[in-house]
Amino acid sequence: MHIDEGLAQRVRETLLELADFADISERKMFGALMTMVNGHMTCGISGAKPGSKIRPRSTNEAPDTSGGLLLRVGANRYQEALADPHCRAMNFSGKTMTGFVHIDPPGLEEDADLRRWLELSLSFVLAQPPK
């Protein structure tokens, strides 16, 4: 499994700044490193190698090998997130996952950008009852 360790460390540090009171853990799932907050999937980091079940692009496009971030934003903020030029719908095994988006690497270059995306995800995840 190819994981962007630099991005993973930035996610860890940013989540600890934003939600140090929450239960934050990581699990390897779907060929990615998924971060859970209070038991809810929040984000995932992967190289999205060919053959991965997570496909940030539609199935008729070439697989994305550039990495990026899978992000859970919830149904209410889904369209808002998709309005960003670095954000696109998440596709899992040929099915669009409403409430989940993929952020391309250019949308994560600055720490402020990563923080904005994680704040958006946490606004949904922290509103859910802990598992």
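Student: Two strands pair if DSSP finds at least two bridges between them, so which residue in E5 is the bridge partner of Ile45?
Tutor: In this predicted model, where local features need pLDDT of at least 70, side-chain atom pairs count only at 80 or more, and totals for chains, interfaces and linings use all residues, that partner is Leu69. Residues are numbered from 1 along each chain as its sequence is written, and side-chain values use heavy atoms, without hydrogens or water. Strands are DSSP runs of at least two residues and helices (H or I) of at least four, numbered from the N terminus; E3 and E5 are antiparallel, with three bridges.

Student: And how many bridges join E5 to E7?
Tutor: Four, again in an antiparallel arrangement, and Arg72 has Phe100 in E7 as its bridge partner.

Student: Switching topic, how many residues are in the largest nonpolar core?
Tutor: That core, a set of buried (under 20% relative accessible area, 1.4 Å probe, protein chains only) Ala, Val, Leu, Ile, Met, Phe, Trp, Tyr and Cys residues joined through side-chain atoms within 4.5 Å, has 27 residues. Leu69 and Trp117 are among those with the most contacts inside it. Helix H1 (5–19), strand E7 (95–103) and helix H3 (111–125) are among the elements that each supply at least two of its residues.

Student: What is Trp117 in contact with?
Tutor: Beyond neighbours within four places in sequence, its contacts (heavy atoms within 4.5 Å) include Leu71, Ile103 and Leu108.

Student: What is the mean pLDDT?
Tutor: The mean of this per-residue predictor confidence, from 0 to 100, is 86, but over residues 48–65 the pLDDT is below 50.

How values were computed
Buried < 20%, exposed > 50% of the residue type's maximum accessible area, 1.4 Å probe, protein only. Pairing = 2+ DSSP bridges.
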